[in-house]
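Please read it alongside the coordinates.

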Amino acid sequence: MSTDTGGADGAGTDGVPEKAPGFEKALRLLEYAEIMNRVAACSLSGEAAALLREERPRGDAEEVAEMKEAVSAIAARFESGDEEPRGGLPSIGFLLPRLDVEGAVLEPDEAWAIGIFVERGEAVKKWLGNTRPALPGAEASGAAAGSGKEPPWAPLPDCTAAAAAVFRILDRDGNIRDLPELRAIRRKIQNLHAELENSVTRYTAGEETRRMLQSTLPSQRDGRTVLAVKANFRGRIRGIVHEVSSSGQTVFVEPEEAVGKNNELLIERRNLELEISKLMRGLTERLAEHRENLGAFHRGIVGLECLRARARYSRDTGGRFAGESEAPAEVLVLKQARHPLLGKGAVPIDLALDGNTRTVIITGPNTGGKTVALKTAGLFALMNQSGLALPAAEGTILPVFDGVYADIGDEQSIGQSLSTFSAHIANIADIAARATGRSLVLLDELGSGTDPEEGSAIAMAVLDFLIAKNARLIVTTHHGILKNYGHTREKVENASVEFDADTLSPTYRIVMGVPGESHAVDIAARRGLAEDIVKRARSYLAEERSDVSALIRGLKEKHLKLDAAAQKSQAEELRLREERRRADLKELRLRQKETELRQNAAGRLRALLAESRKTLENLVREVREGELDREKTLRVKDFLSGLARTVEAEDAALEAEERDLAEAVRNINGAGDGSAAGPAPGRAGALVPGAEVLAGERRRRGVLVRQEKKDSWVVEIGSLKISFPERELVPLGPSKNGDAFSGGPSAPGGPRADWDADLAASPGALFEIRLLGMRLPDALESLRRQIDAAALSGLKEFSVIHGKGDGILQKGIHDYLRNDPAVADYYFSRPELGGFGRTEVVLR
């Protein structure tokens with residue numbers, strides 16, 4: 001990877017450019033170093049931070065893809081809910097070579113640093129576990145399972161034995177433990193301290209001797225206990241004088257009684273130092289046995305921390321990884337791209353260079369955002385090739401460039417006798433020599449700084465040369481002739497930064513396909529130029545201006561009108577589709593009401609039949625008690641048979657209507673995603689005793705007990721046993737006596753997961769809908785279907801499981817429920833039922 005404005009030598013190995021002066025100048029122009037400083041600030045290791053500050057973008061497409069996969073996997077791990085190890089990693093790179101030196105002995109704090117590094121590095125490795133890299137933009141489940149790659153942290157050696165050796169001698173604070181080898185010496189030192197304290201106490205406690213002292217507290221000189229004696233009393237306390245104060249008023253005397261104890265104390269301290277040195281020598285030798293593994297572990301953990309810092313920066317900035325663009329098309333698309341150094345004030349820009357467009361010429365007013373657009377594109381390319389997510393919307397695509405070249409700003413140099421124009425030409429000459437068909441070239445104010453006519457000619461010649469090389473070009477200019485150049489050349493497109501004519505200020509939006517005007521006079525007037533000067537400038541402009549500006553304004557107005565018409569058409573299409581859906585739902589509700597009325601009528605008819613049967617039986621009994629002839633009996637039987645046939649015909653018609661209604665509901669709910677209507681999920685499953693089913697219109701979960709009649713089953717729901725027609729039963733899966741689901745209720749890929757997926761698309765309302773792992777638009781679509789299905793089936797309450805996570809899914813669902821007129825109320829579930837990860841919904 002080469003990123004340059006001129007003067008840099010070739011790239012270094014592995015696609016990483018060398019630190020040539022011109023290369024450093026390019027990074028400075030695009031402010032790449034500031035980005036990497038922010039990434040380094042996210043690191044928990046000083047060594048990793050130093051490496052990140054020296055980081056250079058990669059130029060190998062495969063290497064870039066692997067880095068982005070690893071960073072994406074770590075970023076996804078942040079969302080798992082497991083606590084991330086946040087302990088700092090001490091720097092040990094300079095210590096490891098000392099393990100190769102014969103006779104070298106590490107200090108306790110140095111050995112402690114190695115032990116802590118290994119311990120915390122192992123914690124990070126354990127936290128990552130078997131996390132596998134996932135392709136940027138892919139679903140985690142599919143990419144992680146299908147990549148087949150080992151994560152970069154998987155092959156790190158096990159160095160826990162080295163850490164254990166360190167912490168057998170040192171505690172977690174870096175202090176020497178109370179080992180048996182040291183215990184006797186430390187106890188003797190402690191006793192000697194007590195004896196020394198007793199020997200000097202008679203001087204500090206006695207009334208006579210205390211007045212001879214400057215201080216009643218003993219002092220230390222060269223490791224020996226002494227007394228601060230007033231100079232005029234120095235002959236009254238016998239002992240060795242160690243020091244006299246600068247004022248001569250205090251003499252530090254070691255009393256005779258303390259000399260022997262001080263001598264013994266020094267000897268024991270020396271013995272303790274020798275014993276500690278012996279322990280540290282042995283520890284150093286044991287660590288040297290792990291030297292190779294420690295080196296590999298150190299390199300791996302520092303490299304992993306560089307990846308973790310990238311992931312943390314990407315998460316903190318809310319970025320998205322750019323999609324990959326492959327040859328020969330090599331599409332470059334920026335969607336809602338925000339310059340990362342402008343913060344919340346950055347205006348999102350859209351920019352697109354498809355396979356047929358290799359050059360974009362951006363024109364428009366000063367301070368309109370042209371240079372920011374250039375820098376955003378260049379910086380995004382560098383960040384993408386450094387494994388960083390970009391502050392842009394989904395759909396941003398970037399190729400991997402072999403070089404990013406820029407000529408931005410005024411490089412005038414008095415010391416080198418370079419004017420503004422000369423400095424630009426020097427940079428452009430170097431860029432023209434280095435650019436290839438895989439390069440991105442950014443040229444700001446091309447052709448400026450000299451005579452406009454000659455500058456335009458040079459600019460067009462430079463563009464011809466670079467276009468012939470098939471390089472990617474993004475150019476800004478004020479020269480009107482270059483607007484015509486962009487209109488007449490193949491693979492070249494004009495663009496402009498939008499200008500608000502009402503406020504006389506730029507909007508910083510980029511409009512593709514339309515050149516822009518400079519609006520220099522308008523901006524000058526807004527910036528306070530005298531009104532007389534502005535009027536004179538407008539008069540000169542009116543005399544010499546060609547029709548180009550009018551043409552540009554006309555094109556821009558037509559472009560804006562076409563955009564507005566397209567947006568209006570799209571909104572109208574969505575509105576009509578929604579109205580059609582609501583009309584269909586209304587029709588279905590009317591049909592449902594009609595069916596309900598017919599059910600009530602059929603019920604009344606069955607009641608009439610029962611009453612009539614009772615009446616006729618009484619009549620028969622009376623007839624039997626009186627005269628009974630064959631004619632009367634036949635009339636009674638005919639009456640009963642006709643009445644039964646009428647009721648059966650009504651039931652058959654009602655059942656057919658219910659089937660048609662269910663089919664219509666499936667078609668309406670399937671219209672939202674284009675899926676064809678099909679049979680209810682699970683209908684193919686067998687109805688056998690012990691099988692779990694959804695019963696009745698309210699889809700209550702129960703277990704089949706027995707078949708009551710040919711088309712009727714007894715279902716156990718809680719403590720109740722209720723009879724249901726077979727048509728109102730939906731099998732959930734195998735019977736309780738059969739094989740259980742291997743996937744479990746939430747195992748991806750298991751039968752239950754497949755059932756849940758099918759059930760999510762079915763027209764029947766559910767008591768509980770699971771939206772975990774879904775993206776917000778898909779989750780809201782599933783919720784909309786559930787509300788519609790619940791309204792059709794009469795289900796007034798149901799639960800939504802959305803999880804906690806970052807709260808994005810939870811907030812989006814609550815916003816939708818708040819604005820849906822069908823929802824009467826919603827609230828979080830009780831803690832034992834899911835708390836903030838589950839919402840109860842009540843419909844009107």
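Strands here are DSSP runs of E with at least two residues, numbered from the N terminus. By that assignment, Q336 lies in strand β7, which covers residues 332-337. The model is predicted.

- Q336 is not a glycine, yet has a positive phi of about 50°.
- The location of E445 is the loop between β12 (439-443) and α14 (452-468).

**A four-stranded sheet**

- The strand order β21-β22-β24-β23 describes an open sheet of 4 strands with mixed pairing.
- At the edges are β21 (768-770) and β23 (823-828), each of which pairs on one side only.
- On average, and with direction ignored, neighbouring strands of this sheet are turned by 20° against each other.
- Strands β22 (residues 797-801) and β24 (residues 838-843) run antiparallel and are joined by 5 bridges.
- V800 has T839 in β24 as its bridge partner.

**Helices on the sheet**

- Helix α21 (residues 776-793) lies across β21, β22, β23 and β24, and runs at about 165° to β22.
- Helix α22 (residues 808-819) also packs on the sheet, where it touches β22, β23 and β24.
- The direction of α22 makes about 155° with that of β23.

**Aromatic pairs**

- The count of aromatic pairs comes to 3.
- One of them joins F117 and F297, with 6.3 Å centre to centre and 85° between the planes, and is edge-to-face.
- This pair links distant parts of the chain, since F117 is in helix α5 (residues 108-128) and F297 is in helix α11 (residues 291-316), 180 residues apart.
- F117 counts as buried because its relative accessibility is 0%, and F297 counts as buried at 1%.
- F828 and F836 form another pair, with ring centres 4.9 Å apart and planes at 80°; the angle is over 60 degrees, so this pair is edge-to-face.
- F828 counts as partly exposed at 29% relative accessibility, whereas F836 is exposed, with a relative accessible area of 52%.

**Arginines over rings**

- R221 lies over the face of F252, at 4.0 Å from the ring centre.
- R315 is placed over the face of F78, at 4.5 Å from the ring centre.

Technical notes
Residues are numbered from 1 along each chain as its sequence is written. This is a predicted model: local features need pLDDT of at least 70, side-chain atom pairs count only at pLDDT 80 or more; totals for chains, interfaces and linings use all residues. Side-chain values use heavy atoms; hydrogens and water are left out. Two strands pair if DSSP finds at least two bridges between them. Axes are lines fitted to C-alpha atoms, for helices over the stretch in contact, and angles run from 0 to 180 degrees between N-to-C directions. Contact means heavy atoms within 4.5 Å. Rings of Phe, Tyr and Trp (its six-membered ring) pair if their centres lie within 6.5 Å; planes under 30 degrees apart count as stacked, over 60 as edge-to-face and the rest as tilted. Buried means under 20% relative accessible area, exposed over 50%, partly exposed in between (1.4 Å probe, protein chains only). A charge sits over a ring if NZ of Lys or CZ of Arg is within 6 Å of the ring centre and within 35 degrees of the ring normal.
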